[in-house]
Amino acid sequence: MSAVLLDARGVSKYFGGVQALKDVSLTILEGEIYGLIGPNGAGKTTFFNVLTGLYPRDAGEVTFVGHPLKLGTPHEVAKAGIARTFQNIRLFANMTALENVMVGRHLRTGAGVIGAVLRDPATRTEEAAILRRAEELLHYVGIGDRAGAIARHLSYGDQRRLEIARALATEPKLLALDEPAAGMNATETAALKGLIEGLRADGLTVLLIEHDVKLVMGLCDRVAVLDYGEKIAEDVPANVRNDSKVIEAYLGA
Amino acid sequence: MPSVPSKAWPGMTLIGVALAIAPIVVGAGLGNAWVRVLDFAALYIMLALGLNIVVGFAGLLDLGYIAFYAVGAYLYALLASPHFGLHWPAWAILPLGAAVAGLFGVLLGAPTLRLRGDYLAIVTLGFGEIIRIFLNNLNAPVNITNGPKGIARIDPVTLLGHPLSRSVEIGGITFTGVMLYYYLFVALALVVVFIGIRLQDSRIGRAWVAIREDEIAAKACGIDTRNVKLLAFAMGASFGGIAGGLFASFQEFVSPESFGLLESVMVLCMVVLGGMGHIPGVILGGLLLTILPEAFRHGAGPVQQALFGKVLLDPEALRMLLFGLALIAVMLYRPAGLWPEPRHRRELSE
């Protein structure tokens, strides 16, 4: 059994009178692909947004690599080692693919205004390293030949890949993907599956929200199911598939 | 952008020579008044480049930018005039002006961090007016700014013991005060251009553009958007502060009416008309919007006289009318500005 990477305890979130997350607790182990599924409106993306600091939470604690995660501050969460992509792709649309990934290096580099203006050797070395790493990552996700293209002109599948490359640039321990296969055709989905499996093989832990149940079942080591903001199951895919509560949630009573 | 390619050197030398002889040629051909226009062009280019950091790079719409110009100008006026009897050297006041204006930039930025677009525009507009109204009214109970009467007899900048307001003869050419100021302003404008270019192509510059493009994604990438935005406000404001100090020393007089809303709008127009976020475009915008209205002011009367035998329309009113029409035309036909970033060109070539 591998070590615990992320441990969420009793996370709750209200939007006005609606409780979007009810006491959600889950544990992600190092090196696994952890799937989070559920019907529309079950609270998957809300959980993501609380976890990555975009929404303040109303209750609960998250421990990451043994330290409490500072929720509510996205850049602190990123610094701790959680990177994410967005359901409706959020790239820096008018920057090139390469620049998008270079922005991802911001967190792990340190040049300030004075370094930028003077371009001292330390800053130049850092810039060169940023550039090199960004190029490597573009190649890694398979769009190395598109480095100079403006992000918004990339094909849909390439935009997804670029977003993953940008997330990887922050050197995450946990990569959280919000419906990466949404809107993809079968070929693109198969390629994405290969990419995510490659990430796991390289030692990254992946948290995956997905609607495509086939993809989740084929890819994930463990799966949690949310329904109306509550976790109703957490197990290996084979068991989740046959769980009566899960079947009820998906097919209706 | 790597360092300057070698084939750019002839072009840069040409620009350097043109900048160096411009005041001599213009002064001889058109008179000192036009050298003065060039001086103001350089000042406005500094301002436009400062505002470009805030609006063009970081995407934060600031309608009160002239307040930082005012802060720099009044700081200079207070520390180098008979008003308080202080006569600090310009070389001490100008950096201080940059720092104080930068501080004001942070003061403006801090409460507006959550605002974007229209809302930010309204708050910054209010901020600009507050500064002007303070300057107008801080003559009682303690007289600090001398109110609407303004502060006069401000010390000129002194270089090598020579006040720049006085003419000097070098190699048979008489350099008047406005010409000497021209060289100072152009030199500092070039420094501002240099800093702008270096910043644009840096870790900080990329973070600014990322915030402009998508603030939430920028946060998710680990950018501390609060600090990075405050830095943009501070940097932009400090350029404004330096330009303000130069303005005060050049005019030897400041009063609140130089820092009205229309001035903020003019500087913003330079940025937008030229090409937001694109430094050469912003320089072009600053140049055009300083020189064209002046040319018009001088030309409209005589042209009407020649065509109709009398002046039908007041040149001043006509100037604003044509200015408005030009703005509308540019926004309709070149919405990205006269000289926008060549992004699309880069794309076509791939």
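Which way does H3(B) cross H9(B), right-handed or left-handed? I'll get to that in a moment, once the housekeeping is done.

This is a predicted model, where local features need pLDDT of at least 70, side-chain atom pairs count only at pLDDT 80 or more, and totals for chains, interfaces and linings use all residues. Residues are numbered from 1 along each chain as its sequence is written, while chains are lettered from A and ligands numbered from 1 in the order in which they are written.

Okay, the overall picture. Chain A has ten helices and ten strands; by those I mean DSSP runs, H or I of at least four residues for helices and E of at least two for strands, numbered from the N terminus. Its radius of gyration is 19 Å, close to the 18 Å from the globule rule for 253 residues, so chain A is as compact as a globular protein of that length. That radius is taken over C-alpha atoms, and the rule is 2.2 Å times the number of residues to the power 0.38. The C-alpha atoms of chain A fill a box of roughly 65 × 40 × 40 Å along the principal axes.

Chain B, then, has 13 helices and eight strands.

Now back to my opening question. H3(B), residues 66-79, and H9(B), residues 225-251, have axes that come within 6 Å and cross at roughly 45 degrees. Axes are lines fitted to C-alpha atoms, for helices over the stretch in contact, and angles run from 0 to 180 degrees between N-to-C directions. That makes H3(B) oblique to H9(B); angles under 35 degrees count as roughly parallel, over 145 as roughly antiparallel, 65 to 115 as roughly perpendicular, and the rest as oblique. And the answer is that the crossing is right-handed, meaning the near helix is turned clockwise from the far one by less than a right angle, with anticlockwise being left-handed. The residues of this contact divide into 13 nonpolar, six polar and no charged. For the classes, Ala, Val, Leu, Ile, Met, Phe, Trp, Tyr, Cys and Pro are nonpolar, Asp, Glu, Lys and Arg are charged, and the others, Gly among them, are polar.

H9(B) has another partner too: the axes of H6(B) and H9(B) come within 12 Å and cross at roughly 180 degrees. These two helices are therefore roughly antiparallel to each other. Tyr181(B), Phe185(B), Leu188(B) and Val192(B) of H6(B) meet Phe239(B), Ile242(B), Leu246(B) and Phe250(B) of H9(B), where contact means C-beta atoms, placed from the backbone, within 7 Å. By class that is eight nonpolar, no polar and no charged residues.

Over to the sheet in chain A. Four strands form an open sheet in the order S2-S1-S4-S5, with antiparallel pairing; strands pair if DSSP finds at least two bridges between them. S2(A) and S5(A) stand at the edges with a single partner strand each, so one side of each is left without a neighbour in the sheet. H1(A), residues 44-51, packs on this sheet, touching S1, S2 and S4, and its direction makes about 70 degrees with that of S2(A).

Eight bridges join S1(A) to S2(A). Asp7(A) has Thr27(A) as its bridge partner, and Phe15(A) stands opposite Val18(A). The hairpin has two residues between the strands, and Gly16(A) there takes a positive phi near 60 degrees. S1(A) also has five bridges to S4(A), where Ala8(A) pairs with Val62(A) and Ser12(A) stands opposite Ala59(A).

Last stop, the interface. There, 27 residues of chain B are in contact with 32 residues of chain A. Which element gives the largest share of chain B's side? H7(B), with eight residues. By class, that side has 13 nonpolar, three polar and eleven charged residues.

How values were computed
Two residues are in contact if their C-beta atoms, placed from the backbone, lie within 7 Å.
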